[in-house]
Every structure is written in C-alpha cells, then in structure tokens.
Amino acid sequence: DEVFVSCGAETTVRFDRAALESMLTALCDEGKYGTVLRAKGIVAPADSASEGWIHFDYTPGEQNIRKGPADYTGRLCVIGSHLDEAKLSALFGL
C-alpha cells in the first residue's frame, strides 16, 4: 500500500483568489486527484498591482487563504496518497 507522498512545483503562474478557492475545494474529490491530506503554497496574485502574494493552506474541510510577503517564485505542494500528479498539475494550471 502507498505511504504518503508529496507533489510539489515552482510556478510563475498568477492566481486569482476566487479561482484558487475553487481549486482547493476541488481537492475534496478523492476519486479525481487521490486522497489529499494537505496542500500549501505561496503564489503571485493575478492582480499585479496587489500588495503581497497569496499564501494558502488546505486540509480536508478547511481552507485558509491570506495575503503575505512576496517570494522569488510561486510554490505549491500537495501531500496525500494515490495522488494523480497529472490531474493536480492541470488543476493548478502548471
């Protein structure tokens, strides 16, 4: 049986907060992406005039999206079991 794995990426993709909320909500669909136990990341906002970047944390049933300091590039990581990396990459537009 598979132990927990992580799937991570660096990205220059800019994210809209509402779209990111929808992406995180979609992670609840176990049949589509695998069993997601946690997701976290720091990504650039779609609005380049926005101050700060979007920081997010996800666990089943809970999302936390907030503004935070910028970083040199966006990063996100998904942790779980039986993860479908291709579908996760498509979900996040990577």
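**Figure 1. Overall dimensions of the predicted chain.** The radius of gyration of the chain is 13 Å, which agrees with the value near 12 Å that a compact globule of 94 residues would have; the radius is taken over C-alpha atoms, and the globule rule is 2.2 Å times the number of residues to the power 0.38. Along the principal axes, the C-alpha atoms occupy a box of roughly 45 × 25 × 20 Å. This is a predicted model, in which local features need pLDDT of at least 70 and side-chain atom pairs count only at pLDDT 80 or more, while totals for chains, interfaces and linings use all residues. Residues are numbered from 1 along each chain as its sequence is written, and side-chain values use heavy atoms, with hydrogens and water left out.

**Figure 2. Order of the secondary-structure elements.** Three helices and six strands make up the pattern β-β-α-α-β-β-β-β-α along the sequence. Helices (H or I, at least four residues) and strands (E, at least two) are DSSP runs, numbered from the N terminus.

**Figure 3. The largest nonpolar core.** A nonpolar core is a set of buried Ala, Val, Leu, Ile, Met, Phe, Trp, Tyr and Cys residues joined through side-chain atoms within 4.5 Å. The largest such core holds 20 residues, of which Leu20, Leu24, Leu27, Phe56 and Phe92 touch the most other members. At least two residues of this core come from each of α1 (17-26), β3 (35-45), β4 (53-59), β6 (74-81) and α3 (85-91). Leaving aside residues up to four places away in sequence, Leu27 touches Tyr33, Val36, Ala39, Tyr58, Leu88, Leu91 and Phe92, where contact means heavy atoms within 4.5 Å.

Figure 4. Leu76 lies in strand β6. Because its relative accessible area is 8%, Leu76 is buried; buried means under 20% relative accessible area, exposed over 50%, and partly exposed in between (1.4 Å probe, protein chains only). The C-alpha atoms of Leu76 and Asp16 are separated by 15 Å, and the two residues are 60 apart along the chain.

**Figure 5. Surroundings of Asp71.** Asp71 is located in the loop between β5 (62-68) and β6. With 27% relative accessibility, Asp71 counts as partly exposed. Asp71 touches Ile42 and Trp53, not counting residues up to four places away in sequence. A separation of 8.4 Å is found between the C-alpha atoms of Asp71 and Ala44, which are 27 residues apart along the chain.
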